[in-house]
Amino acid sequence: MKPFSHTNRTQTLQRLANSRYDVIVVGGGITGNGIALDAASRGMKTLLIEMQDFAAGTSSRSTKLVHGGLRYLKQLEVKLVADVGKERAIVYENAPHVTHPEWMLLPFYKSGTFGKFSTSFGLKVYDFLAGVKRAERRKMLSKKEVLTHEPLLNEEGLIGGGEYVEYRTDDARLTIEVAKKAHEQGADLMNYTKVTEFSYDAQGQVNGVQVRDQLTGESYYAHGTIVVNAGGPWVEQVMHLDEQMEGKKLLLTKGVHLVFDRSVLPLHQPIYFDAPDGRMIFAIPRNGKTYVGTTDTVYETDLENPELTDEDKDYLLHAITTVFPNTSVGMSDIESTWAGVRPLIQEEGKGPSEISRKDEVWESSTGLLTIAGGKLTGYRKMAEEITDIISTKLKVQGVNAGPCVTKTLRLSGGDFNKSTDYRAYVEDRAKELTKLGLTFQDGLNIASMYGTNTNQVAELVSRVNPYSSLPLAIQLTLLYAIEHEMALTPVDYFMRRTGAIFFDIHWVEKWKKAVVEYMKEVLNWSDEQTNRYNVELEARLAEAKG
């Protein structure tokens with residue numbers, strides 16, 4: 001199989017003009033990659049085009065939960081809750097190395113959004129709609145039990161709480177694993193290539209795209225029978241290359257997150273709590289850190305690098321100190337931050353927090369298909385929905401595709417017989433990796449991140465540079481990112497292949513210079529390219545620091 005690397009990317013670009021695709025997908029977030037996987041696994045010849053890196057937009061900047069959307073029950077979004085609730089389990093079974101079940105605590109207060117009865121009833125309905133297995137069904141807790149679970153919670157007005165299972169994920173790595181699986185199924189996926197215009201047949205129907213390589217400036221043409229716009233926050237911009245969108249309008253909202261060291265905010269488990277203004281916020285422990293978010297505010301400026309303001313930080317800090325009054329969390333305790341933009345379908349008279357997260361598909365008069373809205377959790381179902389439409393259209397033109405198989409298709413790195421095999425596998429692989437000279441902890445980190453791809457990572461030991469200042473673990477994961485995950489820049493590695501800019505920013509600061517030099521050698525960068533990527537990395541670090 002062709003490597004999913006910079007080498008394969010160059011070769012694919014050079015043969016685009018001589019290729020004819022059944023489907024061209026514009027947008028390399030979780031939705032676009034999900035469509036590429038579904039289409040390729042049905043036998044469709046598929047191309048995906050992404051103007052930045054895979055998952056560089058919303059799909060690396062979410063709350064990093066595969067969750068069912070409990071709060072949407074209050075908006076009577078019953079079908080949405082049922083669909084995405086069931087999808088949680090599917091994502092987990094297909095990718096247990098990037099999806100981890102955890103008990104979420106929902107405390108309720110006298111003046112809060114959720115009361116004792118509504119919480120009990122809501123969680124019970126939630127379990128039913130989502131088809132939650134018996135061992136993970138909701139538990140109701142007394143005030144005393146809630147404080148035993150989380151002593152930092154504010155006691156004043158506390159009545160009790162509920163516990164239910166949600167799934168923590170790494171959104172960018174989930175997207176990458178979907179992309180890698182799509183590649184395994186035969187799809188061509190291109191990052192850093194931007195659609196600049198559409199082409200049309202004699203009947204005025206879209207039949208291809210002109211793309212520009214963002215790294216070299218060269219342009220290429222690709223022909224496709226069906227073109228899908230899955231551009232996320234850029235959906236309208238892509239549509240305007242075709243025709244003005246009528247009857248549909250996106251509302252872009254911003255969510256922000258703050259990251260603290262666990263010593264500053266030492267939570268025992270994830271908490272879902274009321275902010276003083278009634279909005280709901282997550283506080284989630286993760287690998288020695290605790291992150292808190294999100295917000296819902298209308299956003300209309302820089303989509304590629306969303307801004308996080310002092311007002312955003314003040315809002316979350318106030319919410320934290322209200323619910324956890326015995327902590328002294330302040331601005332100086334924020335280690336890193338991120339902001340993401342959600343593409344929602346605007347609904348008259350509704351605020352950002354009230355708008356439905358359901359997805360919609362529509363078709364322009366030129367045949368361009370567009371999908372917008374939706375949630376990370378429901379990506380597979382969204383992809384199935386639009387790929388069914390594509391399949392029907394292709395059948396009219398004599399192309400017969402197979403049925404959807406993604407419900408039971410293991411993602412890259414998720415080839416376990418069953419999800420419960422994951423933990424034992426990680427322990428076993430970690431022990432084996434120590435034979436390469438890695439510490440047991442480094443082995444655990446690698447095996448837990450890459451799942452059944454761990455052996456591929458280990459095989460790169462013959463390629464490491466014995467004279468590099470980089471530790472073996474970093475060399476292995478960096479080489480794997482370059483050779484098997486199409487990482488092309490230091491930001492790709494530090495932000496989307498490892499998540500370190502968000503969750504271990506001091507580590508990034510320590511090793512950034514050596515990583516850039518290593519990538520320069522492997523990818524044969526010029527001094528000008530090296531300087532450009534250094535500048536980009538410093539800009540992303542500055543943003544993360546707020």
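Author: Let's start with a term: two residues are in contact when they have heavy atoms within 4.5 Å of each other. Take Ser60, which touches Ala55, Asp171, Ala172, Arg496 and Phe502, leaving out residues up to four places away in sequence. Before we go on, this is a predicted model, where local features need pLDDT of at least 70, side-chain atom pairs count only at pLDDT 80 or more, and totals for chains, interfaces and linings use all residues. Residues are numbered from 1 along each chain as its sequence is written, and side-chain values use heavy atoms, with hydrogens and water left out.

Reader: Where is Ser60 found?

Author: Helices (H or I, at least four residues) and strands (E, at least two) are DSSP runs, numbered from the N terminus. Ser60 is in the loop between strand S2 (46-49) and strand S3 (65-66).

Reader: And is Ser60 buried or exposed?

Author: Buried means under 20% relative accessible area, exposed means over 50%, and partly exposed is in between (1.4 Å probe, protein chains only). Ser60 has a relative accessible area of 1%, so it is buried. With residues up to four places away left out, it touches Lys254, Val256, His257, Lys313, Thr337, Trp338 and Ala339.

Reader: How many salt bridges does a search of the whole structure find?

Author: The general idea is that side chains of opposite charge can pair when their charged atoms come close. The cut-off used is a side-chain nitrogen of Lys or Arg within 4 Å of a carboxyl oxygen of Asp or Glu. Searching the whole structure gives 36 salt bridges. One of them pairs Arg88 with Glu166, with the closest N and O atoms 2.8 Å apart. Arg88 lies in helix H3 (residues 78-94) and Glu166 in strand S6 (residues 158-169), so the pair ties together parts 78 residues apart in sequence. Arg88 is buried at 3%, and Glu166 is buried at 2%.

Reader: Which residue forms a salt bridge with Arg173?

Author: That's Glu485, with 2.6 Å between the closest N and O atoms. Arg173 is in helix H6 (residues 171-184), and Glu485 is in the loop between helix H13 (472-484) and helix H14 (490-497), so this pair ties together parts 312 residues apart in sequence. Arg173 is buried at 1%, and Glu485 is buried at 0%.

Reader: Where do Glu543 and Arg540 lie?

Author: Both are in helix H17 (residues 527-544), three residues apart, which is about one turn of the helix. Glu543 is partly exposed at 31%, while Arg540 counts as buried at 12%. Elsewhere, salt bridges that share partners join Asp53, Asp492, Arg496 and Arg497 into one network.

Reader: How many residues has the largest nonpolar core?

Author: In soluble globular proteins, nonpolar side chains tend to be buried together. A nonpolar core here is a set of buried Ala, Val, Leu, Ile, Met, Phe, Trp, Tyr and Cys residues joined through side-chain atoms within 4.5 Å. The largest one has 57 residues, and Leu470, Leu478, Ile501 and Val515 have the most contacts inside it. Helix H16 (residues 505-523) gives the most to this core, with nine residues. Apart from its neighbours within four places in sequence, Val515 is in contact with Leu470, Ile474, Leu478, Tyr493 and Phe494. A second, separate core of 41 residues includes Ile30, Val66, Leu174 and Leu189.
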